[in-house]
Every structure is written in C-alpha cells, then in structure tokens.
There are 2 protein chains.
Amino acid sequence: MSEIIIKNISIGDELLIGQVINTNAAWLGERLSAAGFHLDSSLTIGDSEKAILDAFEACMDADLVLVTGGLGPTADDITKPTVCKFFDTELAFCQEAYDNVVALFTRRGFQMSERNRGQAMLPKAGLYIPNNYGTAPCMWLEKEGTVFVFMPGVPFEMKGIFNDELLPRFLKRFHAVPYEKRVVMTTGIGESFLADRIKEWEEALPEFLSLAYLPQYGMVRLRLSGRHENADLLHQTLDEEITKLVPLISEHIFSMEDQPIERVVFDLLINKGMTFASAESCTGGNIAHVMTLMPGSSEVFRGTAVTYATPTKTKVLGVPAETIETYGVVSQQVVEGMAVGVRDLMEADFGVATTGVAGPSGGTEATPVGTVWIGVASPKGVTSRCFNFGKDRENVINRATVAAYEMLRETILK
Amino acid sequence: MSEIIIKNISIGDELLIGQVINTNAAWLGERLSAAGFHLDSSLTIGDSEKAILDAFEACMDADLVLVTGGLGPTADDITKPTVCKFFDTELAFCQEAYDNVVALFTRRGFQMSERNRGQAMLPKAGLYIPNNYGTAPCMWLEKEGTVFVFMPGVPFEMKGIFNDELLPRFLKRFHAVPYEKRVVMTTGIGESFLADRIKEWEEALPEFLSLAYLPQYGMVRLRLSGRHENADLLHQTLDEEITKLVPLISEHIFSMEDQPIERVVFDLLINKGMTFASAESCTGGNIAHVMTLMPGSSEVFRGTAVTYATPTKTKVLGVPAETIETYGVVSQQVVEGMAVGVRDLMEADFGVATTGVAGPSGGTEATPVGTVWIGVASPKGVTSRCFNFGKDRENVINRATVAAYEMLRETILK
C-alpha cells in the first residue's frame with residue numbers, strides 16, 4: 001500500500017486577519033506524524049463560500065482532508081451550507097447530535113439557546129461523529145474516494161474528538177508508514193556553528209533520514225527524523241546516527257528528548273527529592289509560570305518572589321539596601337543576594353534569581369537594555385553570570401528564563 | 001482599481017509535523033489588513049521541491065505572494081534552488097547581501113562561517129531586499145505579473161523586513177482598499193448568549209460590515225469590520241453601529257479596544273498613579289508574567305509572591321497557620337488573607353490573590369479540580385469570589401488570570 005495524502009484546511013476570517021493564531025494545524029501535524037501519517041499541506045482560508053469550495057476542490061487529490069473551524073453556533077459560520085453544496089446534499093435534523101448538545105448543557109447547568117438547536121442540523125449524506133467536548137458537531141463525508149472530516153475550530157474540542165474518535169478510524173481505514181524522530185536539545189551554540197560542527201555527519205546521513213535545525217530563545221532543537229516501511233531498520237539506523245552525533249556536540253546538549261529545559265530541571269529535582277524557588281526581577285514571574293504549567297510542579301517548586309519594587313528586594317529577600325545602593329539593582333552582588341535570600345525564605349534546596357533590564361527603556365551606558373544577571377544559590381554556595389539578550393523585551397524575558405534554568409540544571413548536576 | 005489578491009506560503013517541514021507553530025501567517029494577515037490589503041489564503045507546505053513548485057503554480061492567480069521560510073544557512077533549506085527553477089534563473093553572488101552579512105557579524109562580534117557566505121548567493125533575476133535583522137536574504141521576483149516576495153521564516157527578521165522594506169513598496173505598487181475594524185471586549189457571558197442578546201442588531205448590519213465572535217479564556221472578543229472604497233462612510237457606519245451595540249451588552253464590556261484585560265488594568269492604574277501586587281497560588285506567576293510582558297509595567301506592578309509551599313503563605317504573606325488549618329488552603333479566608341498580606345508586604349494600593357486546584361490531580365469532593373478562589377484587597381477592604389474553571393490545567397491558569405484582572409478592574413473603578 002502506498003502512502004496516503006493528507007491535507008488540512010482551516011476556515012476562519014479571524015485566522016487570516018491575524019486575530020487568532022492557527023495552532024490546530026501544528027497540533028494535527030504532530031499527532032499525524034506520531035501515528036505514522038504525514039500532513040502534506042495546511043491551508044487557511046476565510047469564511048467565504050467561494051474560498052471554501054475552491055479549497056475543497058483543490059484537495060480532491062488527497063485521500064483525507066481534515067477541515068477545522070466554521071462550525072460554531074454564531075452567524076459568521078457558513079461552513080455547513082457550503083458543505084451541503086459541495087457534497088450535493090441538504091441539512092437534516094440529527095437526533096444524536098441534538099441529544100449530545102442537550103446532555104452537555106445539562107451537565108454544565110446552562111440553559112439551551114435556539115442557536116444550539118441549529119447545531120444539530122447536519123448534512124444528510126454525512127456521518128455524525130460524537131463530540132464530548134462541546135456543542136459543535138463533527139462530520140465525516142466522502143466524495144469520489146476522498147474522505148473529508150469536519151471538526152470544530154476550538155482547539156480543546158478538536159483535540160478531544162481527534163484523539164477519541166477520528167484517529168482510531170483513520171488507522172483502520174488507511175495505511176500508516178512507520179515514522180520515527182529523535183530530538184537533541186542544545187543550548188549555548190548558534191545554528192550556523194552547530195551546523196559546521198556536524199557537517200560531515202549530516203552529509204553522510206542515509207537518504208530516508210532528514211535533519212532539521214529549530215532555533216528558539218537561545219536553544220537549538222535538532223530533529224533527526226525519517227519514515228520507512230521497515231520500522232526496525234528505521235529505529236536501528238536512528239540509534240546509530242544519534243550515537244555518532246552526540247560526541248560531536250556533547251557539551252551543548254541538555255536533553256535527548258523533545259522537552260523544554262524546565263522539564264529537564266523538574267525531572268532532575270523529582271529524582272533527587274529536592275526543591276527550588278526563584279526570585280525574579282526582569283523575568284517578571286516567567287520562571288515560575290513555565291514551571292507551574294506542568295502538573296505536579298508543586299513537588300519541586302516552592303514559589304517565586306517577583307520583586308519589581310526595589311525596597312521589596314530588601315524587605316522580602318533580605319538583600320541589604322547598602323548593597324543595592326553601592327552596586328546598583330542590576331549587579332552581581334544583588335543577584336547573588338536575591339538567590340541566597342529566596343532560597344532561605346522559601347526553604348528550598350536551590351534558589352535562582354534574575355535581575356536585568358528587559359527594556360525597551362531603562363538602559364544606561366554601563367547597563368544597556370538586555371543586560372541580565374542570573375544567580376543560583378545551592379547548599380554549596382552561590383554562582384552568577386552576566387548575559388546580554390538583545391533589545392526585544394519578550395525575547396529578553398524568554399532567553400533569560402532559559403538561561404536561568406540551564407544554570408540551575410548545571411548547578412543541580414554538580 | 002480593483003482589489004488585489006494576496007496569498008501567503010509558509011515553507012518548512014517543522015510547521016507540518018507540528019514542532020513549530022506558524023505565527024507568521026497571523027502576523028502578516030493583521031499587518032496587511034491594517035494597511036488596507038486582504039490576505040486571501042495562507043498555505044503551509046514542507047521542504048520539498050515538488051510541494052514548493054506546486055504551491056508557486058497555484059498562486060499564479062494572485063497579484064502578490066508572500067513566501068516565508070526556507071532561507072536559513074543550514075542544509076534543510078531548499079527554497080533557493082527551487083526558486084531558480086520556477087523563475088528560470090540561476091544563483092549568483094550578490095555583493096550587497098554579502099556586505100550585509102559581514103556587517104551583521106561584525107556588529108555582533110561573531111565569526112563568519114562558510115555557510116553564511118553561501119547566503120549571499122541569490123537568484124540572478126531577483127531584486128535583493130536588505131535584511132537588517134539577520135543573515136537570511138529577502139528577495140523580490142516577478143513572473144507574468146505576479147510578484148513573489150521571499151522572506152526569512154524567523155519571525156523577528158520577517159517582521160522587521162516587512163515593516164521597513166516591503167510594506168512601503170506594496171503601498172506604492174498596489175491599490176489598498178480602506179479597511180477598518182472595531183473590537184469590543186466582553187467577559188462573563190458565553191458566545192451563544194451574547195449572540196442571542198445582539199441578534200436583531202447583527203441581522204440589521206449593512207452588507208459591507210461583518211461581525212465575528214472570538215472566544216478565549218472566559219472572554220469573547222467581538223470584532224465588527226468592513227472594507228469600503230469610501231473610508232469616511234465606513235468609519236461613520238462603524239461609529240453608528242457600535243453606538244447601537246454598546247447598550248445591549250454594556251455590563252459585560254471591559255474594553256472598547258482590542259487589548260487584553262491586563263492592559264486595561266495597567267492603563268487604569270497609570271492614570272490613577274496607583275499600584276498593585278499579587279499573591280498567586282494556582283496561577284503560579286501568570287498574573288505577574290502577563291503584566292510584566294508590557295513595557296513600563298514596573299510603574300504599576302510591585303511584584304508577586306507565588307506561594308506554592310503552604311508554610312510560605314504564613315511566613316511571607318502572614319496568613320495565620322490556624323486559618324489555613326481550619327478552612328483549608330483553597331478557601332475564602334485564605335485568599336482574602338493572601339490579598340491583604342501581599343498588599344501590605346509589597347506596599348501596593350491593591351492586592352490580588354488566587355488559590356485553587358489547577359489540576360489534573362489534587363481535587364477533592366468538596367474542592368474539585370478547577371475550583372479557584374480569587375480575592376482583591378483595596379484601601380477600602382477585601383472581596384473574594386469562588387469560580388470553577390474546568391479540568392484543563394492551562395485553561396484553569398489562564399481563565400483564573402483573566403478573572404483576577406476583571407475583579408481587580410472592578411475594584412479599581414469602585
């Protein structure tokens with residue numbers, strides 16, 4: 001069996017005028033890859049009959065078309081009538097869809113609106129797929145051998161339906177080609193320099209493997225991936241190639257899994273039964289935020305003190321006012337005081353602290369925008385380092401967060 | 001002059017397998033709309049010659065094609081040779097592009113690599129567009145009346161080039177149709193109920209205006225937009241319609257501008273010369289994080305204390321241990337104590353606090369996952385409210401953050 005062609009269409013004016021970022025396409029791509037399929041393209045169009053019909057027509061060379069969006073209860077949604085036109089059918093009341101909407105409203109203690117009743121009107125020619133996550137229906141229609149699946153645009157609903165209902169059906173119906181990927185997470189080296197270091201290895205890779213460089217906030221993610229009908233051969237070849245790669249760049253690798261650095265720190269601390277706390281000035285709570293997004297973070301994370309107001313650095317963290325006056329708020333002495341102070345205050349094993357100028361204003365000649373001091377306190381003492389992360393505020397915050405976790409990781413491993 | 005057709009093509013395997021979310025398309029859509037253009041579609045394809053050639057071919061009905069990605073220094077980029085094939089030209093050394101790369105490396109104090117020299121090899125038939133933000137070149141090529149512009153995929157570089165170099169050229173070359181939009185930000189009412197409330201008004205809107213409902217984390221953004229050759233008429237009609245809309249839903253409106261709720265709070269506090277601080281348990285620093293992303297937030301934000309560890313609630317915020325023992329960590333008494341405590345500690349005018357169960361574990365029968373208490377302390381006293389934000393951790397954190405800012409906004413206005 002040959003590989004199937006899968007295309008994604010996202011419908012919504014809000015995506016094209018940029019009020020909403022399309023995250024569904026990336027999520028679908030990832031899930032399909034992991035299941036042995038391959039997303040060939042992803043097209044975003046507006047809420048217009050012509051655009052929708054043209055897009056459907058252009059996808060008739062695919063085996064499977066995943067359509068997201070355009071199924072909500074409000075009037076900007078024109079997908080259903082257009083679907084009827086394309087599939088030469090009409091809308092009819094679907095009892096199963098209606099029962100689902102009623103059940104959902106009852107569960108949530110909400111009152112039904114007339115509009116929600118309209119959501120149970122579905123194309124006659126289609127198969128209704130249950131949605132346990134919301135009121136928008138999911139539909140499966142076929143035309144000349146091409147399967148079209150219509151999903152809600154709300155990511156939470158789309159993901160639930162895909163996992164529960166759709167993927168199992170796809171796996172029954174279509175042939176999946178084994179896919180495998182390895183990710184090596186690096187930090188402290190730029191994309192070009194990394195590429196130079198591993199040039200010879202990269203050029204000698206077998207045809208069915210490909211390497212991608214994915215830089216983000218002071219990290220470069222290296223992805224080696226491939227698809228092959230022989231899953232064992234694929235797996236073994238990836239093992240061999242990764243074994244060759246690692247020694248070339250070992251000092252820059254912080255993880256052999258596709259995970260952010262805070263996850264690596266989390267796992268290390270869980271294994272050691274240890275904890276940390278942060279004292280954040282320029283990162284403004286982001287060190288805490290990325291950690292607390294992870295379930296179970298309360299096991300390793302004691303808390304943060306964001307001390308934007310200078311007196312708080314003294315009052316809460318115990319950094320002497322004279323130290324701040326003598327060396328300035330953005331200084332080695334202050335960041336080390338903060339790291340030690342928060343470690344004591346929160347009764348943690350490690351304390352990590354940041355102080356810097358995130359910009360765009362507030363820079364001086366001695367301490368330009370982008371300057372960030374990061375300090376880590378441990379049972380063995382305190383270390384610190386000065387960075388410059390450029391002029392963009394969000395970039396400074398994100399890069400400082402990554403660097404803080406990297407310093408914390410190195411300290412934990414010492 | 002009639003309206004031009006603009007299409008976007010994003011190139012990159014990483015986008016299709018979901019390792020990177022395509023944010024460029026949304027950004028381009030927004031910038032084009034604001035400038036009087038309209039993005040017709042956005043297509044994401046992989047790094048394959050066939051996919052790229054097919055996509056170029058499919059865009060020959062457009063006036064302008066904006067291509068992003070595939071121009072980096074590493075070997076996974078095959079865009080340039082494919083461009084040469086499509087435009088029937090060949091790569092040639094471009095001195096201006098080379099000088100730009102050299103200047104950039106000199107400025108940053110980096111050493112050049114051989115790969116970066118390769119970045120100055122450009123299609124002969126094209127026009128080189130300067131990139132002041134990175135080493136990847138930007139190119140402008142034309143074929144049978146269709147303009148293709150090739151931009152780097154790195155958002156920071158793409159945005160800089162678009163703003164500095166491309167948009168001014170587009171405005172000279174193409175006819176822009178006046179576009180205008182109004183956004184009304186609402187909270188505390190669901191999409192369906194909002195739609196029912198404004199049904200009659202919506203149905204009576206003139207043809208050239210359209211309304212979209214954009215729900216996110218306990219808010220619904222209403223966007224009324226239109227395009228019309230007569231900019232004055234468009235502007236006046238929007239004024240009239242918005243004037244009719246507001247009284248229908250006034251108690252749910254928190255802003256008449258497209259801005260997040262933390263921005264509204266920021267502006268209110270700046271105007272009053274007042275400050276706030278937060279004490280966060282279940283939101284884990286997100287209240288601080290979203291505020292500190294904004295330049296100038298140090299004017300109104302004193303800091304946060306994220307107190308994941310229970311003893312810290314007593315030690316840092318002064319919530320009596322007996323209160324925590326008697327009522328439980330997730331309780332009205334504790335959240336009010338936290339709000340009052342952080343207001344005192346950080347010497348702020350307002351204190352906002354959260355305590356809850358973000359999940360997925362940690363729920364009990366009395367306090368199920370999703371339960372969040374939010375409290376706000378002001379010079380006049382302290383208020384609090386209990387919410388349930390469902391079972392998804394990220395959703396709970398984000399909705400609790402929005403609700404906390406809404407309660408803070410209401411308190412400031414009292």
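Biologist: At what angle do helix 2 and helix 7 of chain A pack, and how far apart are their axes?
Modeller: Helix 2 (residues 24-34) and helix 7 (residues 155-173) of chain A pack at about 20°, with their axes 11 Å apart. Axes here are lines fitted to C-alpha atoms, for helices over the stretch in contact, with angles from 0 to 180 degrees between N-to-C directions. Helices (H or I, at least four residues) and strands (E, at least two) are DSSP runs, numbered from the N terminus.

Biologist: Before we go on, what sort of model is this?
Modeller: This is a predicted model, where local features need pLDDT of at least 70 and side-chain atom pairs count only at pLDDT 80 or more, while totals for chains, interfaces and linings use all residues. Residues are numbered from 1 along each chain as its sequence is written, and chains are lettered from A and ligands numbered from 1 in the order in which they are written.

Biologist: Thanks! Back to that helix pair: how are helix 2 and helix 7 of chain A oriented to each other?
Modeller: Helix 2 and helix 7 of chain A are therefore roughly parallel (under 35 degrees; over 145 is roughly antiparallel, 65 to 115 roughly perpendicular and the rest oblique).

Biologist: Nice. Now helix 11 and helix 16 of chain A: how closely do their axes come, and at what angle do they cross?
Modeller: The axes of helix 11 (residues 261-272) and helix 16 (residues 393-413) of chain A come within 9 Å and cross at roughly 25°. That makes helix 11 of chain A roughly parallel to helix 16 of chain A, and the crossing is left-handed.

Biologist: Which residues meet there?
Modeller: From helix 11 of chain A, I261(A), E262(A), V264(A), V265(A), L268(A) and L269(A) meet V402(A), Y405(A), E406(A), L408(A), R409(A) and I412(A) of helix 16 of chain A. The contact divides into 9 nonpolar, no polar and 3 charged residues.

Biologist: What about helix 11 and helix 16 in chain B?
Modeller: In chain B, helix 11 and helix 16 pack at an angle of about 25°, with their axes 9 Å apart. That makes helix 11 of chain B roughly parallel to helix 16 of chain B, and their crossing is left-handed.

Biologist: How many residues are in contact between the chains?
Modeller: Chain A has 73 residues in contact with 73 residues of chain B. Strand 14 (residues 301-307) of chain A gives the largest share of the chain A side, 7 residues. That side of chain A divides into 34 nonpolar, 26 polar and 13 charged residues.

Biologist: And what domains does chain A have?
Modeller: The assignment, which is automatic or from a database, gives chain A domain 1 (6-173), domain 2 (179-255) and domain 3 (261-413). The centres of domain 2 and domain 3 of chain A, taken over C-alpha atoms, are 31 Å apart. In chain A, 6 residues of domain 2 are in contact with 8 residues of domain 3. On the domain 2 side, 3 are nonpolar, 3 are polar and none are charged.

Biologist: Last one: where is the cis peptide bond in chain A?
Modeller: The cis bond runs from G359(A) to P360(A), with omega near 5°. P360(A) is in the loop between strand 15 (350-356) and strand 16 (371-378) of chain A. In chain B, the bond from G359(B) to P360(B) is cis too, with omega near 0°.

Key: Contact = placed C-beta atoms within 7 Å. Nonpolar A, V, L, I, M, F, W, Y, C, P; charged D, E, K, R; others polar. Left-handed = near helix turned anticlockwise from the far one by under 90°.
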